[in-house]
Amino acid sequence: MNAIMSRWIDDSRLMGIVFLAPATLYIVLLVGLPFVTALLFSVSTATVGDASFNYVGLRNFANVWQTPAFRDALVNTFSFTVIAQICTIILANILAQLLTTPLPQRRSGRIGMWIARMLLILPWATPLSLSVVGWLWMFDSKYSPIDYIFRELALLGPGTVWGPANNLIWLGKPLLAKASIIFVHVWRMTPLATVILMAGLSSIPTDLLDQAEVDGSRYFRTLFQVKLPLIMPIMLISLLFGFIFTFGDLTVVYILTRGGPITHTLTLPMYSFLVGIDGGNLAQGAAVSLFIFPVLLLVAVVLLRTASRAEVR
Amino acid sequence: MSDVNLQGIVKRFGDVQAVAGVDLHISSGEFLVVLGPSGCGKTTLMRTIAGLEKPEEGQINIGARDVTALPPRKRGIAMVFQSYALYPHMSVAGNIGFPLKAQRRCPDRTEREQRVYQAAQMVSIEHLLDRRPRQLSGGERQRVAIARAIVSQPEVLLLDEPLSNLDAKLRAYARDELKGFQRKLGITTVFVTHDQIEAMGLGDRIVVMRDGLVQQVGPPQAIYDRPQNTFVATFLGSPGMNLQLVSERVQRGFRPEHLLPLEELPPGAAHEPFSWRVTRVENLGSDRLLYGHIADYRGEMQLTVSRLPSNVTIDIPLDTVCEFGVAHDQLHFFDVASGERLAEGVAA
């Protein structure tokens with residue numbers, strides 16, 4: 001018995017298969033199968049009520065492409081993602097700079113820094129659906145605390161700049177709704193990006209920064225010509241991570257606006273959900289969601305190539 | 001070119017005194033080597049001159065200017081770090097030109113390129129200007145670091161163990177080159193090292209440091225010939241000086257190369273005789289090292305080393321009592337408690 005066991009354990013081929021099996025199974029069952037199903041649905045006439053397979057070629061894609069709502073969703077998905085990523089990376093850079101600035105060696109300073117870093121990570125640590133519900137209340141059309149602050153500052157209400165209404169109705173106006181969605185994405189992604197950038201900044205050898213100082217470089221030159229170029233690969237990784245998260249996100253839009261007003265905040269995942277699940281048209285829903293795929297594939301390829309190159313350096 | 005004057009420099013990190021009150025004058029154009037074991041405060045002292053550390057006490061003057069409170073960029077210094085600290089994302093030309101851009105002293109692009117080229121030429125790397133640091137060898141990187149340091153024509157050049165990352169063969173060559181180059185520019189140079197061979201070979205003067213304090217300052221040969229205390233005596237020389245208690249209060253020191261077979265001593269010289277058994281011989285090619293034990297005044301055996309140059313071919317049998325001696329003028333006497341050198345005659 002023991003002899004057989006040890007023969008198996010020494011067989012690296014067999015053991016390789018055994019060790020890889022759980023991960024392979026996981027990927028095949030939970031990623032591969034749904035993906036293939038989506039591919040099949042997208043070229044069929046499947047609905048929630050009738051999953052029988054009738055091949056219709058690319059008709060679903062053509063139909064979806066001609067829907068104005070789809071065009072809106074496409075534009076929104078890209079613009080939300082790009083704008084949110086730009087804001088995130090700028091904010092994260094500023095925060096990471098601040099949080100890696102050496103403080104005077106005082107106890108209060110160290111505790112303060114610790115608290116600041118912990119607070120920073122909270123938005124990332126909170127379950128997204130819960131925190132977005134929180135934001136739903138923040139943007140409430142009547143009881144929004146943001147509106148309350150603006151009213152107290154005499155910016156909102158009768159006879160003020162943004163008056164005479166007492167509320168901005170964040171999620172009810174196209175531009176404000178878009179801004180709200182982007183804001184929540186930025187709020188959500190900034191912590192992770194900051195932590196990644198902080199890791200990058202602290203990996204810069206201190207010799208190099210001392211050298212820049214001796215060479216006569218001041219703060220902004222050191223920042224833009226030494227620090228940022230050095231953390232560029234890691235920054236790109238953080239950017240692409242954020243891109244993937246934001247691009248494929250359903251939660252924020254679903255909870256805040258469900259794509260409204262009308263289709264002004266509709267995104268591809270949201271539209272796919274509305275058509276495929278709420279509307280019951282599995283085939284078209286699948287077609288919509290498959291538009292996301294090539295974009296994410298491209299981003300993932302760039303991401304992995306950047307990551308491997310960053311490792312070499 | 002300017003002189004550098006340090007007065008009562010103290011630098012603390014928390015409770016640790018890295019530099020514990022250093023006074024030092026570095027003449028214009030001098031090549032000064034700061035030598036000491038790791039942790040002796042030599043690098044901190046250099047970083048204080050550079051302005052990367054602010055001293056708690058003391059004053060630093062470069063030329064006539066008090067620079068104690070000035071940031072590095074206003075001190076007219078340049079520094080080469082042990083790691084060379086080349087900017088990995090810039091070309092060699094970008095690296096060398098960086099101080100010129102940063103100090104905004106050379107706004108004209110053509111002139112800047114010209115000065116970068118000249119600096120590169122000075123250390124013979126003008127053919128590497130388009131390369132990235134990672135494409136360079138250790139020796140080439142060191143040259144880039146030096147070119148970057150001299151391009152802005154600093155008043156003082158600070159070098160933090162710049163040769164320690166080179167392999168042994170290259171190091172001897174780089175040492176020679178560095179010295180020749182410093183002579184040519186006549187630039188005031190402070191060179192930090194823990195390598196006594198580098199220190200002896202390069203320095204116009206050597207500063208020996210220990211625990212944040214200067215132990216001795218002087219020309220290399222003077223320090224070697226007349227060490228001020230037992231630390232300097234044993235730190236310099238390879239192997240260091242033999243030390244031996246001759247009474248409760250006095251210890252006697254002599255260098256391994258001065259412990260010689262009687263027949264090798266200068267004829268007629270007054271000498272101290274030593275009878276000892278050699279227990280081990282190391283043949284190093286140019287020298288022979290003899291190890292054995294000699295009793296101190298209490299009769300306790302102490303490890304003692306003798307170094308015979310290769311032209312002394314006399315046969316030394318192992319574990320046999322041999323008659324050796326040290327010329328009287330090669331004996332050094334130190335106070336046991338303080339380790340300080342005793343004036344000649346006091347010991348006798």
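How many residue pairs are in polar contact across the interface of domain 1 of chain B and domain 2 of chain B? I found three, both residues of a pair being at pLDDT 80 or more; a polar contact is a pair of N or O atoms within 3.5 Å, where within protein one must be able to donate a hydrogen and the other to accept it, and residues adjacent in sequence count only if both atoms are side-chain atoms.

**Basis**

I worked on a predicted model, in which local features need pLDDT of at least 70 and side-chain atom pairs count only at pLDDT 80 or more, whereas totals for chains, interfaces and linings use all residues. Residues are numbered from 1 along each chain as its sequence is written, chains are lettered from A and ligands numbered from 1 in the order in which they are written, and side-chain values use heavy atoms, with hydrogens and water left out.

**Domains of chain B**

I noted domain 1 at 4–225 and domain 2 at 235–335 of chain B, bounds that come from an automatic or database domain assignment. Their C-alpha centres lie 39 Å apart. Domain 1 of chain B brings 10 residues to the contact and domain 2 of chain B brings seven (contact means heavy atoms within 4.5 Å).

I then looked up the buried area, which is the accessible area (1.4 Å probe) that two parts lose on being put together, summed over both. The two domains of chain B bury about 740 Å² between them, with 64% of it on carbon and sulfur atoms. Within domain 1 of chain B, the residues losing the most area to domain 2 are Gln196(B), Tyr224(B) and Asp225(B), together 65% of what that side buries.

**Chain A against chain B**

I turned next to the chain interface, where the contact takes 17 residues from chain A and 24 residues from chain B. The two chains bury about 1900 Å² between them, 56% of it on carbon and sulfur atoms. Of the area that chain A buries here, 31% is supplied by Gln211(A), Val214(A) and Asp215(A), more than by any other three residues.

Which residue forms a salt bridge with Arg47(B)? I found Asp210(A), the closest N and O atoms being 2.8 Å apart. The count between the chains is two salt bridges, and nine residue pairs are in polar contact across the interface of chain A and chain B, both residues at pLDDT 80 or more.

Key
A salt bridge is a side-chain nitrogen of Lys or Arg within 4 Å of a carboxyl oxygen of Asp or Glu.
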